[in-house]
Amino acid sequence: MRTSGSSLIYVRILVALSAILVLLVEFNRTSLAQSPAEQRVEIVIREYAFEVMRPAPVRPGLATVIILRNQDIVRHGFTSQMLTGILVHGEGEGVASYGKGVDGFYVDPGKTLVIRFTNDRPGKYNFRCDLHPNMKGELYALEVPTV
């Protein structure tokens, strides 16, 4: 069976494209395995108290998402020095905020607020409700050595 010159070129192009596709898929799979996903912190507000679900330190320099669920029957605030001087995006039902140096947020009863930011500064960060002075909590941003 004879193939024309143009058919042979077409087959070679397909083989080359297939090899490139395999390399790209392998590169993406390796990159995803090596780069951690965003870190999530879930905080539930219940009975005038903050409860950090599965407490663990966050790593500076990685995208962080705080999910704040208000299960109380009153509005609560969330403010922290951790949000000072950095770009912060907050969103919830009927609310969206984005800016640098956000002082804090308010969460209505039964609502959920999602706060996204990247903090490059390690340390202990207190947070509080500015409407109810006894409501306080803390998060730690710690450098974690890789092995």
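Analyst: Tyr 140 is partly exposed, because its relative accessible area is 36% and that class covers values between 20% and 50%. This is a predicted model, and the values here are computed from it. Tyr 140 sits in strand S10, which covers residues 136–141. Together with Leu 142 and Val 144, Tyr 140 makes up a nonpolar surface patch with about 240 Å² of accessible area.

Now to the histidine. His 76 belongs to strand S4, residues 76–80. His 76 has a relative accessibility of 0%, so it counts as buried; the cut-off for buried is under 20%. The side chain of His 76 makes a polar contact of 3.0 Å with the side chain of His 132. Apart from neighbours within four places in sequence, the residues in contact with His 76 are Ile 45, Tyr 48, Asn 70, Phe 105, Tyr 106, Val 107, Cys 129, Leu 131, His 132 and Met 135.

Two loop residues complete the picture. Glu 47 lies in the loop between strand S1 (39–45) and strand S2 (50–53). Its relative accessible area is 69%, so Glu 47 is exposed. The phi of Glu 47 is positive, near 50°, and the residue is not a glycine. Arg 54 is in the loop between S2 and strand S3 (63–70). Arg 54 is exposed, with a relative accessible area of 71%. Arg 54, also not a glycine, has a positive phi of about 50°.

How values were computed
Residues are numbered from 1 along each chain as its sequence is written. This is a predicted model: local features need pLDDT of at least 70, side-chain atom pairs count only at pLDDT 80 or more; totals for chains, interfaces and linings use all residues. Side-chain values use heavy atoms; hydrogens and water are left out. Patches are made of residues with over 30% relative accessible area and no salt bridge: like charges are joined within 9 Å, nonpolar side chains (Val, Leu, Ile, Met, Phe, Trp, Tyr) within 5 Å. Accessible areas come from the Shrake-Rupley method with a 1.4 Å probe; for residues, only the protein chains shown count as cover. A salt bridge is a side-chain nitrogen of Lys or Arg within 4 Å of a carboxyl oxygen of Asp or Glu. Helices (H or I, at least four residues) and strands (E, at least two) are DSSP runs, numbered from the N terminus. Buried means under 20% relative accessible area, exposed over 50%, partly exposed in between (1.4 Å probe, protein chains only). A polar contact is a pair of N or O atoms within 3.5 Å; within protein, one must be able to donate a hydrogen and the other to accept it, and residues adjacent in sequence count only if both atoms are side-chain atoms. Contact means heavy atoms within 4.5 Å.
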